[in-house]
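Me: I'd like to go through this one with you and ask where the labels come from. Could you set each value against its definition as we go?

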Amino acid sequence: MEHIRKAFDAVAAEYDAQREHVIPDMRNYYSAAVWAAESPSHTPAILDIGAGTGLLTALLLEKYPAANVTLLDIAEKMLAVARERFYGRENVCFRAGDYAQVDLGGPYDLACSALSIHHLDPGDKRRLFGRVYRALVPGGIFVNADQTEGETPYFTERYREYWNDFLKSGPLTSEERTEILTRRDTLDRNEKLSVQLQWLHEAGFTDVDVVYRNRTFIVTVARKENTAETGQ
């Protein structure tokens with residue numbers, strides 16, 4: 001993960017400003033993730049996995065202002081932006097570390113991630129889903145707003161063309177587009193949506209679904225069974 005840390009530390013300063021020009025339909029994409037992050041508690045314990053500059057956390061705190069949020073990321077310069085964003089918020093804490101390796105902590109009511117887990121190799125993704133399951137309370141929710149491979153090479157190529165056209169249609173300079181595409185083509189390790197859903201089931205999640213999809217961009221939600229609801 002060291003190469004990922006370096007890549008994202010290098011773009012920390014401009015990361016937020018570029019997002020809407022990099023992610024098609026970004027607002028609806030993130031809105032779907034926040035909608036899926038449902039908890040009966042007004043003060044849920046939340047883990048933001050690969051939190052970066054804190055974009056997702058900021059939206060979650062609009063929904064749950066009194067939540068206790070832990071932002072975990074390997075890129076310390078990205079977390080530095082998040083620290084500035086949440087300066088003075090005593091209910092927000094920060095951890096620098098490789099979430100594929102470090103203890104996730106917990107227990108959490110909600111675990112969420114946005115545009116990060118796709119950087120992991122397949123084995124690490126699969127293991128992470130199991131580790132997230134174990135870090136959640138019964139009834140806890142895991143929301144992953146991420147990228148996916150097409151189910152066939154045909155759709156993978158079509159999704160890539162769609163994304164390339166979107167990048168060209170915006171205000172990004174050719175140098176910025178080249179940097180983004182280079183990062184995509186060298187760091188992304190996308191997996192099929194069907195495989196990811198299977199891994200979530202195998203991890204132990206009982207309720208698993210897709211609440212948003214726009215070509216390669218997806219939001220999955222998985223719920224850990226609450227044994228109190230089943231009378232066990």
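Me: Which hand does the crossing of α7 and α8 have, left or right?
Reply: The crossing of α7 and α8 is right-handed. The rule is that a crossing is right-handed if the near helix is turned clockwise from the far one by less than a right angle, and left-handed if anticlockwise. Before we go on, this is a predicted model, where local features need pLDDT of at least 70, side-chain atom pairs count only at pLDDT 80 or more, and totals for chains, interfaces and linings use all residues. Numbering runs from 1 along each chain as its sequence is written, and side-chain values use heavy atoms, with hydrogens and water left out.

Me: Why are α7 and α8 called roughly antiparallel?
Reply: Helix α7 (residues 153-169) and helix α8 (residues 174-187) pack at about 155°, with their axes 11 Å apart. Those axes are lines fitted to C-alpha atoms, for helices over the stretch in contact, and angles run from 0 to 180 degrees between N-to-C directions. Angles under 35 degrees count as roughly parallel, over 145 as roughly antiparallel, 65 to 115 as roughly perpendicular, and the rest as oblique. The pair is therefore roughly antiparallel.

Me: Which residues in α7 and α8 meet?
Reply: On the α7 side there are Arg160, Trp163, Asn164, Leu167 and Lys168, and they meet Arg177, Ile180, Leu181, Arg184 and Asp185 in α8. Contact here means heavy atoms within 4.5 Å. By class, that gives four nonpolar, one polar and five charged residues. For the classes, Ala, Val, Leu, Ile, Met, Phe, Trp, Tyr, Cys and Pro are nonpolar, Asp, Glu, Lys and Arg are charged, and the others, Gly among them, are polar.

Me: What makes Asp185 partly exposed?
Reply: Asp185, in helix α8, has 45% relative accessibility. Buried means under 20% relative accessible area and exposed means over 50%, with partly exposed in between (1.4 Å probe, protein chains only). Asp185 therefore counts as partly exposed. Asp185 and Val210 are 25 residues apart in sequence and 25 Å apart in space, C-alpha to C-alpha.

Me: Why are α6 and α9 called oblique?
Reply: The axes of α6 and helix α9 (residues 193-203) cross at roughly 40° and come within 8 Å. On that angle scale, α6 and α9 are therefore oblique to each other. Their crossing is right-handed. Pro122, Lys125, Arg126, Phe129, Gly130 and Tyr133 in α6 meet Gln196, Trp199, Leu200, Glu202 and Ala203 in α9. That contact divides into six nonpolar, two polar and three charged residues.

Me: How do you know whether Thr220 is buried or exposed?
Reply: Thr220 sits in strand β7 (residues 217-223). Its relative accessible area is 3%, so Thr220 is buried. Leaving out residues up to four places away in sequence, Thr220 touches Phe142, Val143, Asn144, Leu193, Leu197, Leu200, Asp209 and Val210.

Me: And what makes Glu149 buried, exposed or partly exposed?
Reply: Glu149 is in the loop between β5 (136-147) and α7. At 29% relative accessibility, Glu149 counts as partly exposed. Its contacts, not counting residues up to four places away in sequence, include Asn190, Leu193 and Arg213. Glu149 and His42 are 35 Å apart in space, C-alpha to C-alpha, and 107 residues apart in sequence.

Me: What is phi of Leu115, and what is it for Arg215?
Reply: Phi of Leu115 is near 55°, a positive value in a residue other than glycine. For Arg215, phi is near 55° too, again positive in a residue other than glycine. Leu115 is in the loop between β4 and α6 (122-135), and Arg215 in the loop between β6 (207-214) and β7. At 7% relative accessibility Leu115 counts as buried, whereas Arg215, at 37%, is partly exposed.

Me: What kind of peptide bond joins Gly106 and Pro107?
Reply: A cis one, with omega about 5°. Pro107 is in the loop between β3 (92-96) and β4 (108-114).

Me: How do you know that the radius of gyration agrees with a compact globule?
Reply: The radius is taken over C-alpha atoms, and the globule rule is 2.2 Å times the number of residues to the power 0.38. With 232 residues, a compact globule would come out near 17 Å; the protein has 17 Å, so it agrees. Buried residues make up 49% of the 232.

Me: How many helices and strands does the protein have?
Reply: There are 10 helices and seven strands. Helices (H or I, at least four residues) and strands (E, at least two) are DSSP runs, numbered from the N terminus.
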